Every structure is written in C-alpha cells, then in structure tokens.
Amino acid sequence: MDKWYSNLSFFEKEKEFISKYYPTLKYIKENKNFKLIGELYIKEIDDSYSIEINFLDDYPNSLPIVKEIGNDIPKELDRHISYDGTCCLCVPQLEKYYFPKGSNIKDFLDKLVVPFFANQAYFELTGQWINGEYSHGYLGIYEFYREFFAIENINKILQLLQISIKTIPNFNKKCPCKCGKSIRKCHMKKILELKKLVKINQLKNDIYEFKIIIK
C-alpha cells in the first residue's frame with residue numbers, strides 16, 4: 001500500500017491548509033512517514049497546547065492519532081487522555097460523523113482537535129465539560145446508543161444493533177423497543193442512519209461487547 005502522502009496533489013493541499021490556518025504546526029518526516037508537530041493555538045482561550053499528530057498509511061480513510069506532548073493535561077482516562085498522551089477525541093461511533101469521506105486535515109483540526117483541547121481548558125477552569133461528555137470505555141458507548149435510540153434498556157439497544165448489521169433488515173417485524181409498532185413505523189430511520197454513520201465492523205464489535213456486559 002502506498003503511503004498517504006504519495007498522492008502529491010493531496011499532500012500539497014494538506015500542507016497549504018496547515019500553512020494558512022495552523023502555521024504553528026509543521027510537517028516533519030520520521031520513520032518513513034510524516035507527522036504534524038507543534039503548538040496548537042486556540043483563539044477562544046488565547047492559549048496553546050503542544051501536540052503531535054500521527055497518520056496511518058490509509059489516511060484520510062482513517063482518523064489521525066493525536067497526542068498531547070506538553071504535559072499540560074493529566075494523563076488520566078477521566079480526562080480522555082491515555083498514559084502516553086494519546087487523546088480520545090470522540091467515541092468511535094462518531095468518527096464518520098465528524099470525519100466523513102472527503103475530509104481533510106483542516107476539517108480534522110476544526111471539528112475534533114480544537115474542540116477537544118478547548119473542552120480541556122474549560123474543564124481546568126470549571127471542573128465541567130462544555131457540552132457534557134460520554135464516559136470512558138464501553139459505558140460511554142452505551143451512553144451514545146442510549147442517546148441515539150432514546151432507549152435506556154441495554155437489551156433493547158442490543159436487539160436494534162443486531163438488526164442494524166443485517167444487509168436487508170425486516171422492518172415489518174415488531175420493534176424491539178416494545179412500543180407495539182413495527183420497526184418501519186418506529187426505529188427504522190434511526191437504524192438506517194446508524195448504518196451510514198458507523199462502520200459495520202464497529203457495530204459487530206459493539207454487539208460482542210454488549211453481550212459480554214449483559215452476561
């Protein structure tokens with residue numbers, strides 16, 4: 001597989017975005033790949049964070065990996081930063097929402113990275129997140145699906161997920177939410193939305209994990 005930067009026209013455009021909108025970040029080559037490193041300035045708080053952004057070979061089909069390298073934020077799961085500084089920018093189920101096909105590095109920084117660090121700065125001042133937060137790990141994933149389907153019961157959520165991975169779901173069956181209506185007249189739109197939003201492998205993995213939780 002070619003490296004993502006082998007597409008020279010795409011890479012040049014990416015560098016233009018960085019030069020114009022995030023000039024305090026610089027591309028450097030390391031271990032036969034490029035990464036972004038430098039100070040991420042956030043206008044809203046008039047402050048900056050030292051960050052490093054690494055790219056997988058299939059970028060932009062995959063989300064870059066962001067690390068906070070200035071030791072300005074505690075490396076704690078409750079702060080959504082792992083021990084090595086890797087930042088959990090969003091739950092996996094929302095990656096395609098924030099970074100759909102055709103996205104670029106400016107989109108990534110604008111929609112995910114800057115809001116993440118602005119949220120961290122707000123937490124330092126208030127002890128709260130700007131718009132709330134999902135918990136870490138699979139509790140957070142449950143919270144995402146609970147909010148998405150507007151259902152509390154994890155067994156009902158699991159049934160809706162199992163329907164969502166089918167190539168051609170039978171929407172004429174009774175909806176698992178037990179409202180008495182068919183899926184077509186109840187959760188069909190949400191299932192179709194989910195199929196576009198979350199990758200099939202992610203859905204299957206979430207089903208597997210939910211089954212473990214339920215046991």
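Figure 1. Read along the sequence, the predicted protein chain runs α-β-β-β-β-α-α-α-α-α-α, with 7 helices and 4 strands. Helices (H or I, at least four residues) and strands (E, at least two) are DSSP runs, numbered from the N terminus. The C-alpha trace spans about 55 × 45 × 30 Å along its principal axes. Of the 215 residues, 42% are buried (buried: under 20% relative accessible area; exposed: over 50%; partly exposed: in between; 1.4 Å probe, protein chains only). Residues are numbered from 1 along each chain as its sequence is written. In this predicted model, local features need pLDDT of at least 70 and side-chain atom pairs count only at pLDDT 80 or more, while totals for chains, interfaces and linings use all residues; side-chain values use heavy atoms, with hydrogens and water left out.

**Figure 2. Helix α1 and its buried face.** F10, F11, E14, F17 and I18 are the buried residues of α1. Seen down the helix axis, these buried residues fall within an arc of 115°, so they line one face of α1 (the arc is that of the directions from the helix axis to the C-beta atoms). They pack against β1 (25-30), β2 (33-42) and α3 (105-126). L8, S9, S19 and K20, on the other side of α1, are exposed.

**Figure 3. Two loop residues with positive phi.** K32 lies in the loop between β1 and β2. Phi of K32 is near 60°, a positive value in a residue other than glycine. K32 is exposed, at a relative accessible area of 66%. D46 is in the loop between β2 and β3. D46 is not a glycine either, yet its phi is positive, about 50°. With 57% relative accessibility, D46 counts as exposed.

**Figure 4. The cis peptide bond at P60.** Y59 and P60 are joined by a cis peptide bond, with omega about 10°. P60 sits in the loop between β3 (47-54) and β4 (65-68).

**Figure 5. S182 and its contacts.** S182 belongs to the loop between α5 (154-164) and α6 (188-197). The relative accessible area of S182 is 17%, so S182 is buried. Leaving aside neighbours within four places in sequence, S182 is in contact with F171, N172, K173, K174 and C175 (contact: heavy atoms within 4.5 Å).
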